[in-house]
Amino acid sequence: MANVISDETIEYVGILAKLELSDEDKENAKKDMADMLDYIDKLSELDTDGVEPMSHVFSVSNVMREDEVTNGDGSESTLKNAPERHENGFIVPKTVE
């Protein structure tokens, strides 16, 4: 099956992708898009009866670990350089009125 991509479709895709395409680029894009659609048509001819849907070719499982704090939050060492502080925060000049 030969898919034909119109000039209007290429213009529209160019606008959506915010691309400025030369005439040569447009012709190349039309051919590439038609080739992709032809390939998709070819894939639809495959017999997939009995094939289970999958998200990955290999079986994959997440390896999770517990979050553990190993070095503390470092707030005291950060705040020791503050010119002014209040409890666990910096005091800074007001910038918005």
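## Buried, exposed or in between

A residue is called buried when its relative accessible area is under 20%, exposed when it is over 50%, and partly exposed in between. Keep that scale in mind as we look at a few residues of this predicted model.

Let's start with Leu43, which you will find in helix H2, the stretch covering residues 23-43. Its relative accessibility is 40%, so Leu43 counts as partly exposed.

## Lys30, in helix H2

Now look at Lys30, which belongs to helix H2. Is Lys30 buried or exposed? Lys30 counts as buried because its relative accessibility is 18%, and the cut-off for buried is under 20%.

Which residues does Lys30 touch, once neighbours within four places in sequence are set aside? The contacts of Lys30 are Ile5, Ser6, Asp7 and Ile10.

## Asn3, ahead of helix H1

Our next stop is Asn3, in the segment that comes before helix H1 (7-16).

Asn3 and Asp41 are 38 residues apart along the chain, and their C-alpha atoms are separated by 9.3 Å. Asp41 is one of the residues that Asn3 touches when those up to four places away in sequence are not counted; Ala34, Leu37 and Asp38 are also among them.

How values were computed:
Residues are numbered from 1 along each chain as its sequence is written. This is a predicted model: local features need pLDDT of at least 70, side-chain atom pairs count only at pLDDT 80 or more; totals for chains, interfaces and linings use all residues. Side-chain values use heavy atoms; hydrogens and water are left out. Helices (H or I, at least four residues) and strands (E, at least two) are DSSP runs, numbered from the N terminus. Buried means under 20% relative accessible area, exposed over 50%, partly exposed in between (1.4 Å probe, protein chains only). Contact means heavy atoms within 4.5 Å.
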